[in-house]
Amino acid sequence: MENNILKGKKGIIFGALDNSSIAWKTAESVYNEGGEFVLTNAPVSIRMGSINELAEKTKSDVVPADATSLEDLENLINVATEKFGKLDFILHSIGMSVNVRKGREYTDLNYDWLTKGWDVSAVSFHKLMQSLFKLDAMNQWGSIVALTYIAAQRAFPNYNDMADNKAYLESIARSFGYFFGKDKKVRVNTISQSPTLTTAGKGVAGLDGFLNYADKMSPLGNATAKECADYTVSLFSDYTRKVTLQNLFHDGGFSNVGVSQEVIDAISSKS
Ligand SMILES: NC(=O)c1ccc[n+]([C@@H]2O[C@H](COP(=O)([O-])OP(=O)(O)OC[C@H]3O[C@@H](n4cnc5c(N)ncnc54)[C@H](O)[C@@H]3O)[C@@H](O)[C@H]2O)c1
């Protein structure tokens, strides 16, 4: 699937930690389709992960930025636009809950940790778009994508306060997407991805059972990180210019299934 559909397009990709990251697969797919980009992550993640390997592979520069810091974001955007001129695509692939990391139950949240989590997972998307908007850094018909999960719409007990962060993130996409569309002709969407085995994914308690359940519920099975990357490529391309303010489910059909025969059979055989 290499058709050079991103030839000439330039952007920024946030969130490639290691080769299981959705952002890592996206960087590879964008590169294979002819796109060029700056890679970025929080300084600590750059030290702990293997982003330099990806940078070498995709012939891209790495610019550290804590996505909650306006100063870091501005510096990153300036470096990218000095290199490329105005930008065509942005991937926000960032999520973190301190409460999830430290095993705090949803009914016993630490609110300092909650605040940190929503800043990293949701408000960072507003900070990023506001910085791009003010610096007039996006080309017309550019595309901004953030990654989310269906726990924003339905109750998933183990997803904890990340569910609320994702609801906040999706709302920011719509609210800012309105202004980005009107003023700059730029589209803003979120992709609601299947559960996926990544460092962030592994933070969700009981992930294995959860992955199996989602897979059995989805007529097409769970979507992989690579498939998510390819979907993102389509949203960065000129084939989706009028798609904006959407939360797009990329989940093998999971979101519209009530129950599948496999799940009925699994439960029936135990009773
Ligand atoms: N894995 C899943 O099951 C799944 C499902 C749906 C959506 N998502 C979403 O996909 C996105 C990517 O996650 P992933 O699964 O690839 O895991 P990942 O752990 O590989 O990526 C999360 C990234 O967020 C970065 N990050 C954390 N704090 C940051 C900060 N302050 N500044 C900049 N970057 C920071 C991390 O360094 C890491 O690279 C997240 O938004 C996640 O919620 C994941």
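Two residues are in contact if their C-beta atoms, placed from the backbone, lie within 7 Å. The legends below describe close-up views of a predicted model.

**View 1. Helix 1 against helix 10.**
Ile-22, Lys-25, Thr-26, Glu-28, Ser-29 and Val-30 in helix 1 are in contact with residues of helix 10, namely Ala-225, Lys-226, Cys-228, Ala-229, Asp-230, Thr-232, Val-233 and Phe-236. By class, this contact of helix 1 with helix 10 holds 7 nonpolar, 3 polar and 4 charged residues. Two packed helices are described by the angle between their axes and the distance between the axes. Here helix 1 covers residues 22-32 and helix 10 covers residues 225-236. Their axes come within 8 Å and cross at roughly 55 degrees. Helix 1 and helix 10 are therefore oblique to each other. The crossing of helix 1 with helix 10 is right-handed.

**View 2. Helix 4 against helix 6.**
Helix 4 is made of residues 70-84 and helix 6 of residues 111-134. The axes of helix 4 and helix 6 come within 10 Å, and the crossing angle is roughly 45 degrees. Helix 4 and helix 6 make a right-handed crossing. On the side of helix 4 the contact is made by Leu-70, Leu-73, Glu-74 and Ile-77, and on the side of helix 6 by Lys-127, Leu-128, Ser-131 and Leu-132. Sorted by class, the residues of the contact of helix 4 with helix 6 are 5 nonpolar, 1 polar and 2 charged.

**View 3. Helix 6 against helix 7.**
Helix 7 runs over residues 162-184, and its axis comes within 8 Å of the axis of helix 6. The axes of helix 6 and helix 7 cross at roughly 10 degrees. Angles under 35 degrees count as roughly parallel, so helix 6 and helix 7 are roughly parallel to each other. Helix 6 contributes Gly-117, Trp-118, Ser-121, Ala-122, Phe-125, His-126, Met-129 and Phe-133 to the contact. Helix 7 contributes Met-162, Asn-165, Tyr-168, Leu-169, Ile-172, Ala-173, Phe-176 and Phe-180. The contact of helix 6 with helix 7 has 12 nonpolar and 4 polar residues, and no charged residues.

**View 4. Trp-113 in helix 6.**
Trp-113 is a residue of helix 6. Trp-113 counts as partly exposed, because 17 C-beta neighbours lie inside 10 Å. When neighbours within four places in sequence are left aside, Trp-113 is in contact with Val-98, Asn-99, Lys-102 and Arg-104. Trp-113 and Gly-258 are 145 residues apart in sequence, and their C-alpha atoms are 34 Å apart in space.

**View 5. The shell around the ligand.**
There are 27 residues around the ligand, and those that come nearest are Ser-21, Ser-45, Gly-95, Ala-200 and Gly-201. Helix 1, strand 4 (138-148) and helix 8 (199-202) each supply at least two residues of this shell. Which element gives the largest share of the shell around the ligand? The largest share comes from helix 8, with 3 residues. By class, the shell has 13 nonpolar, 13 polar and 1 charged residues.

Thr-196 is found in the loop between strand 5 (187-193) and helix 8. Is Thr-196 buried or exposed? Thr-196 is buried, because 24 other C-beta atoms lie within 10 Å. Neighbours within four places in sequence aside, Thr-196 is in contact with Ile-22, Gly-201, Thr-224 and Ala-225. Two of these residues, Ile-22 and Ala-225, also take part in the contact of helix 1 with helix 10. The C-alpha atoms of Thr-196 and Asp-66 are separated by 24 Å, and the two residues are 130 residues apart along the chain.

Most residues other than glycine have a negative phi. Asn-4 is not a glycine, but has a positive phi of about 60 degrees. Asn-4 is found in the segment before strand 1 (10-14). Asn-4 is exposed, because it has 10 other C-beta atoms within 10 Å. Trp-141 also has a positive phi, near 65 degrees. Trp-141 lies in strand 4. Trp-141 counts as partly exposed, because it has 14 C-beta neighbours inside 10 Å.

Methods
Residues are numbered from 1 along each chain as its sequence is written. This is a predicted model: local features need pLDDT of at least 70, side-chain atom pairs count only at pLDDT 80 or more; totals for chains, interfaces and linings use all residues. Axes are lines fitted to C-alpha atoms, for helices over the stretch in contact, and angles run from 0 to 180 degrees between N-to-C directions. Helices (H or I, at least four residues) and strands (E, at least two) are DSSP runs, numbered from the N terminus. Angles under 35 degrees count as roughly parallel, over 145 as roughly antiparallel, 65 to 115 as roughly perpendicular and the rest as oblique. A crossing is left-handed if the near helix is turned anticlockwise from the far one by less than a right angle, and right-handed if clockwise. Ala, Val, Leu, Ile, Met, Phe, Trp, Tyr, Cys and Pro count as nonpolar, Asp, Glu, Lys and Arg as charged, and the others, Gly among them, as polar. A residue is near a molecule or strand if its C-beta atom, placed from the backbone, lies within 6 Å of it. A residue is buried if 20 or more other C-beta atoms lie within 10 Å of its own, exposed if 12 or fewer, and partly exposed in between; C-beta atoms are placed from the backbone.
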